[in-house]
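Subject: Structure handover

Hello,

Here is the structure I promised to pass on. Please open it first, then read my notes below.

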Amino acid sequence: MTIFTERSRQEEPDIMALDQYGDLYIFELKRWSGKQENLLQVLRYGQLFGRSNYDDLNGFYQKFQKSSQANLLEDFKCYFAKEISEEMFNRKQHFLILTNGLDQATVESIVYWKKCGLNIDAIIYWIFEIHGEPYIEFQTYSKTEDYLEYENNCYVLNTNLRKSEKYTKEMLEERKAAAYYPGWREKIQKFQKGDIVFLYKSGTGIIAYGYASGTLNKKTCDGYPEYEYNMPLDNFVELKEPISASRMKEITGYGFNFRQTLFSISEEAANKIIEVAK
């Protein structure tokens with residue numbers, strides 16, 4: 001039962017609602033992928049509103065109904081066809097983030113807080129199109145941890161940024177994705193566990209691919225400590241025949257900017273490239 005929605009320019013939750021037991025649900029709605037700051041925001045609302053007693057909630061409800069005569073207790077009784085005492089309102093709080101995707105750090109944070117006994121979770125939605133008609137799908141019944149399987153990204157990493165063959169050779173031998181020196185090395189931090197990473201050698205094409213392990217490593221490079229960031233790639237495959245830039249365009253129907261150290265591609269394009277590689 002919705003009892004309040006956010007007002008313009010106020011530090012308030014997007015939605016507050018009650019269940020049949022009087023538990024308070026605080027919803028934070030995001031039109032973009034979930035990030036850790038979204039998690040902190042919904043917890044902040046818990047700090048501000050989680051201690052609200054019945055009179056406080058009734059005040060919110062009256063603002064929501066735009067009527068000083070609105071009575072939460074009576075309307076609750078009609079809505080759920082049951083009666084509870086004022087003391088039963090807001091004995092427990094539940095925090096929900098509604099978002100178009102989650103990153104690994106946010107998932108791990110949610111799992112941690114749930115293990116600590118906090119009622120916090122995420123509802124993921126996807127927007128897609130079928131025959132020109134837009135659709136929205138909500139995934140509400142999977143464990144939060146399972147969302148990592150859905151939210152994988154796909155990247156192409158240029159191994160030849162500094163035009164030294166040793167870096168490319170090292171990536172193949174150690175089965176890793178790596179970047180070097182400030183301004184480039186930070187690209188590796190984008191990878192989440194399960195992301196598909198293609199290794200692209202300038203002038204040659206895609207020479208290997210694998211799946212990000214999720215473990216970021218830092219090591220000395222050219223005598224400078226922690227100037228290399230790398231991540232091991234699971235299920236690593238080194239191609240016998242590289243897939244050139246022109247062949248990639250032919251396979252996917254798209255042209256790519258290979259001057260960048262790292263760029264993302266669609267899951268559909270990645271799957272097509274892997275199919276050809278196999």
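Cys78 is exposed, since its relative accessibility is 65%. Cys221 is buried, at a relative accessible area of 5%. Here buried means under 20% relative accessible area, exposed means over 50%, and partly exposed lies in between, with a 1.4 Å probe and protein chains only. A disulfide is a covalent bond between the sulfur atoms of two cysteines. Searching the whole structure for disulfides (pairs of cysteine sulfur atoms within 2.5 Å) gives zero.

Some ground rules. The model is predicted, so local features need pLDDT of at least 70 and side-chain atom pairs count only at pLDDT 80 or more, while totals for chains, interfaces and linings use all residues. Residues are numbered from 1 along each chain as its sequence is written, and side-chain values use heavy atoms, with hydrogens and water left out.

Helices H2 and H3

Helices (H or I, at least four residues) and strands (E, at least two) are DSSP runs, numbered from the N terminus. H2 covers residues 54–65 and H3 covers residues 72–80. How do they pack? The angle between them is about 80°, and their axes are 9 Å apart. Axes are lines fitted to C-alpha atoms, for helices over the stretch in contact, and angles run from 0 to 180 degrees between N-to-C directions. H2 is therefore roughly perpendicular to H3. The cut-offs: under 35 degrees is roughly parallel, over 145 roughly antiparallel, 65 to 115 roughly perpendicular, and the rest oblique.

Which residues make the contact? H2 brings Tyr54, Leu57, Asn58 and Tyr61, and H3 brings Leu72, Leu73 and Asp75. Contact means heavy atoms within 4.5 Å. By class, this contact of H2 with H3 has five nonpolar residues, one polar and one charged. Ala, Val, Leu, Ile, Met, Phe, Trp, Tyr, Cys and Pro count as nonpolar; Asp, Glu, Lys and Arg as charged; the others, Gly among them, as polar.

Look at both ends of H3. At its start, a side-chain oxygen of Asn71 comes to within 3.1 Å of the backbone nitrogen of Leu73. Just after H3, Ala81 has a positive phi of about 55°.

The loop between H2 and H3 holds Ser67. Ser67 is partly exposed, with a relative accessible area of 28%. Ser67 and Tyr135 are 68 residues apart in sequence, and their C-alpha atoms are 36 Å apart in space.

Positive phi elsewhere

Most residues other than glycine have a negative phi. Tyr181 has a positive phi, near 70°. Tyr181 sits in the loop between strand S8 (176–180) and strand S9 (196–201). Tyr181 is buried, at 17% relative accessibility.

Asn235 also has a positive phi, near 50°. Asn235 belongs to strand S12 (residues 224–243). Is Asn235 buried or exposed? Asn235 is exposed, at 60% relative accessibility.

Buried residues and their contacts

Ala270 is part of helix H8 (residues 267–277). Ala270 is buried, with a relative accessible area of 0%. Apart from neighbours within four places in sequence, Ala270 contacts Cys154, Ile196, Phe198 and Ile265. Ala270 and Lys66 are 204 residues apart along the chain, and their C-alpha atoms are separated by 52 Å.

Asn158 is in strand S7 (residues 154–158). Asn158 is buried, at 9% relative accessibility. What does its side chain reach? The side chain of Asn158 reaches the backbone oxygen of Phe258 at 3.1 Å. With neighbours within four places in sequence set aside, the contacts of Asn158 are Tyr200, Ser202, Phe258, Gln260 and Thr261.

Ser213 lies in the loop between strand S10 (205–212) and strand S11 (217–221). Ser213 is buried, at 14% relative accessibility. The side chain of Ser213 reaches the backbone oxygen of Pro232 at 3.1 Å. Setting aside neighbours within four places in sequence, Ser213 touches Lys193, Met231, Pro232 and Asp234.

One more to find

Glu133 is in strand S6 (residues 133–139). Glu133 is partly exposed, at 47% relative accessibility. Glu133 and Glu238 are 105 residues apart in sequence and 40 Å apart in space, C-alpha to C-alpha.

Best wishes

Definitions and conventions: Polar contact = N/O pair within 3.5 Å; in protein donor to acceptor, adjacent residues only side chain to side chain.
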